[in-house]
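Please open the structure in a viewer that can select residues by number and display side chains.

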Amino acid sequence: MGRGATPDVLPRHVNLFVTDPAFLRRTIQPRLELIGDATGDQYRESILLGWTIGRRFGIEAEASLIQFDAEFGGGSSAFGGIEMTPKAKIVQDDERRFLLSAASGLEVPVGDQDDWLATHGWKWKPRVLLWKGWGAEGRSALQMELGPDVTSGGSFDPDPVLIFNAGYSRWIRSNWIPIVEITAIERLGPEDSEGATPIDPSALGGIFPGIRASEGVFRDTEGIFESDERLLAGTLGFRYALTEGQQWGAGFRFPFFGDTESFEWALIVGGTIRLP
């Protein structure tokens, strides 16, 4: 198997780049995201701490710092938000390598909403999460995430959006882990009289959390954004199992169709460090 970790020893779970995992582990996850579009570059540095409470419960806490560098001069930075997400296992079948969990995240804005670097209001993120492994060593796995993002408490309450993420990973014997993901977002409210879709662009954080830094570019005078009802995007990347408790890697994201003006490409680099 080489010098890296072996799936025989390490749990079969792999953290993807977009899809929230159904499994519970004690980890630290540093991340750096770079998002490019026609208006400039956005950076989002974040760190997530995951902790287990018994065998069936866990909680995650994440804090982020967002920076925006405009292409035509200027820029700003601020704390993006703090998110707390309790999780609970609903169904666990080790023989069939199946896990179904529920999560309920709450994101609290701590940045300057006037600069649109923070989530525009409090955001509630209930989720249903699935993990399904295959093979004698569980090298292949499918992960899914489904649930709405509901924002309230800002200067306006945008329509909730439905987030769907799905990803596939394959742990090959050289300890490289190729990853492919697909993500989708759809507005759940009615269209306005002109057919535009008033959406808080921070809802795109369900697909690309760093996209929050570009909100100031696309807002109009009333804080209502015109956006397509749907967005479909993909992610291609890899991780490498450096040791029995660490996985590091990078992923590249790109839009297929929908609200493609929000970003042209996105790159994420980060890792998972397992705690004892």
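Are R31 and E33 buried or exposed? Select the two residues: R31 is buried, and E33 is buried as well. Here buried means under 20% relative accessible area, exposed means over 50%, and partly exposed lies in between (1.4 Å probe, protein chains only).

Before continuing, note that this is a predicted model, in which local features need pLDDT of at least 70 and side-chain atom pairs count only at pLDDT 80 or more, while totals for chains, interfaces and linings use all residues. Residues are numbered from 1 along each chain as its sequence is written, and side-chain values use heavy atoms, with hydrogens and water left out.

**Stop 1: salt bridges**

Keep R31 and E33 selected. They form a salt bridge, with 3.5 Å between the closest N and O atoms; the term requires a side-chain nitrogen of Lys or Arg within 4 Å of a carboxyl oxygen of Asp or Glu. The whole structure holds 11 salt bridges.

Next, select D20 and K87, whose side chains meet in a salt bridge at 3.1 Å, N to O. This pair links distant parts of the chain, 67 residues apart: D20 belongs to the segment before β1 (27-37), and K87 to strand β4 (residues 75-93). Strands are DSSP runs (E, at least two residues), numbered from the N terminus. Both D20 and K87 are buried.

Then select K125 and E107, which form a salt bridge of 3.1 Å, N to O. K125 lies in strand β6 (residues 122-134) and E107 in strand β5 (residues 98-108), 18 residues apart. Both K125 and E107 are buried.

**Stop 2**

Colour residues 140-152, strand β7, and residues 161-170, strand β8; the two run antiparallel and are joined by 10 bridges. Strands count as paired if DSSP finds at least two bridges between them. One point to locate is E145, whose bridge partner in β8 is N165.

β8 and β9 form a hairpin with 5 residues between them, and N175 in the turn has a positive phi of about 75 degrees.

**Stop 3: an aromatic cluster**

Which residues form one aromatic cluster with W176? Select F238 and Y240 together with W176. Rings of Phe, Tyr and Trp (its six-membered ring) pair if their centres lie within 6.5 Å; planes under 30 degrees apart count as stacked, over 60 as edge-to-face and the rest as tilted.

The structure holds 4 aromatic pairs. The ring centres of W176 and F238 are 5.4 Å apart and their planes stand at 55 degrees, so this pair is tilted. W176 is in strand β9 and F238 in strand β10 (residues 230-243), 62 residues apart. W176 also forms a tilted pair with Y240, at 4.8 Å centre to centre and 50 degrees between the planes. W176 is partly exposed, with a relative accessible area of 41%; F238, at 37%, is partly exposed, and Y240 is partly exposed at 23%.

Conventions. Helices (H or I, at least four residues) and strands (E, at least two) are DSSP runs, numbered from the N terminus.
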